[in-house]
Amino acid sequence: MPVTLGQYFAQSGADPSLVELLLAVSIGCERISAAVRRGAVGDILGALESENVQGETQKKLDVISNELLLEACSPASRLVAIGSEEMDGIYEVRKVGPQGGFFLLFDPLDGSSNIDVNVSIGTIFSVLPAPTSATERDATEADFLQPGRSQIAAGYVVYGPQTTLVLTLRAGVRAFTLDPVTGEWLETNEALAIPPETKEFSINASNMRHWAAPVRQYVEECLAGDTGPRGKNFNMRWVASMVADVHRIVMRGGVFLYPWDAREPNRAGKLRLMYEANPMALLVEQAGGAAFDGQGATLDCKPVSLHQRVSVMLGSKAEVERLARLHAEALQPA
Ligand code: AFP
């Protein structure tokens, strides 16, 4: 009989208050999964009049998913505050005080432009340590601005043909699939490992003319296949749902790129550092892969704002190292 999520936590030796928080996240995601599955039948598809802090039109399910996670997670006894793609500022649950505790960040429903066309979407989450303070004070956005290497746990839930939770407590990466009959999360992979080599890359090729030279060179070399410098043919995938694309890479290898491009030269990238790139980067590194932000390892990037965007290149280690080399060579004097 596969191990349940609760049994895994019980044997993991993890801090019981962290386990309490992560179980609360799993309950929130079960509820999101049920809502996603209802879709049009539940009259919860489509867009709202509102926009999120990113200036993006919010889908009904974006807002519903955010509320489901707030409701499920707020009771967690050492949760101090929450940051979400769908909320401008931080959401305070408790005061910062001598007890410390946790910050939770999430993109409650990533890939929302895919909701109305029945393509896999997902929830991405990250747990950071909350500071301690001798006297109680409000949590601040600045408290959240910790590099990704400070994460205590990270994961995602992909709402696809199966609802699968992929999680790291910084001791490897495990997958649990929701049994629709019993409602239990059952372990389906106890040690996910990303192959260092791959023949599959994932990028929105319609932006090719806007990419920086190293990215264009990398992709052109892949496209040249066995007639070019790579000496092998590549396949391309682009779901336009980061969770679905990253899950494929976690399961069978590959490299995912959403790099800086010249469409908005003052924007580092499309994806957000704190609740998309960092949790995915921790998972990928824990699974033996690598994550690069165009300057260095994603997890070493020092955040400057809660919703900041970043260039993302992650997956099979040899491919990400090649991309890092191409970026470094581009900085060398001609
Ligand atoms: P939406 O949440 O607006 O669908 O964006 C999804 C996403 O943030 C990420 O999940 C995808 O990898 C990426 O954007 C797709 O972006 P493009 O639509 O520009 O390809």
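This is a predicted model: local features need pLDDT of at least 70, side-chain atom pairs count only at pLDDT 80 or more; totals for chains, interfaces and linings use all residues.

1. Asparagine 118 counts as exposed, because its relative accessibility is 74% and exposed means over 50%. The residue belongs to the loop between β5 and β6. Its phi is positive, at about 60°, although asparagine 118 is not a glycine.

2. Alanine 240 is found in the loop that links β12 (235-236) and α6 (242-252). Its relative accessibility of 38% makes alanine 240 partly exposed, since that class lies between the buried limit of 20% and the exposed limit of 50%.

3. Turning to the sheet, eight strands form an open arrangement in the order β4-β3-β5-β6-β7-β8-β9-β10, and the pairing is mixed. The edge positions are taken by β4 (91-92) and β10 (185-189); each has a single partner strand, so one side of each has no neighbour in the sheet.

4. Within this sheet, β8 (residues 163-168) and β9 (residues 173-178) are paired in the antiparallel sense, with five bridges between them. Threonine 168 has valine 173, in β9, as its bridge partner.

5. Helix α7 (residues 273-286) lies across β3, β5, β6, β7 (153-159), β8 and β9; relative to β6, α7 runs at about 85°.

6. How do the axes of α2 and α3 cross, and within what distance do they come? The axes of helix α2 (residues 16-38) and α3 come within 8 Å, with a crossing angle of roughly 150°. The two helices are therefore roughly antiparallel to each other, the cut-off for this class being over 145 degrees. The crossing of α2 past α3 is right-handed.

7. The contact between these helices can be listed by residue. From α2 come Leu21, Ala24, Val25, Ile27, Gly28, Cys29, Arg31, Ile32, Ala35 and Val36, which meet Leu61, Ser65, Leu68, Leu69, Glu71, Ala72 and Cys73 of α3. By class, the residues of this contact comprise 13 nonpolar, two polar and two charged.

Methods. Residues are numbered from 1 along each chain as its sequence is written. Side-chain values use heavy atoms; hydrogens and water are left out. Two strands pair if DSSP finds at least two bridges between them. Helices (H or I, at least four residues) and strands (E, at least two) are DSSP runs, numbered from the N terminus. Contact means heavy atoms within 4.5 Å. Axes are lines fitted to C-alpha atoms, for helices over the stretch in contact, and angles run from 0 to 180 degrees between N-to-C directions. Angles under 35 degrees count as roughly parallel, over 145 as roughly antiparallel, 65 to 115 as roughly perpendicular and the rest as oblique. A crossing is left-handed if the near helix is turned anticlockwise from the far one by less than a right angle, and right-handed if clockwise. Ala, Val, Leu, Ile, Met, Phe, Trp, Tyr, Cys and Pro count as nonpolar, Asp, Glu, Lys and Arg as charged, and the others, Gly among them, as polar. Buried means under 20% relative accessible area, exposed over 50%, partly exposed in between (1.4 Å probe, protein chains only).
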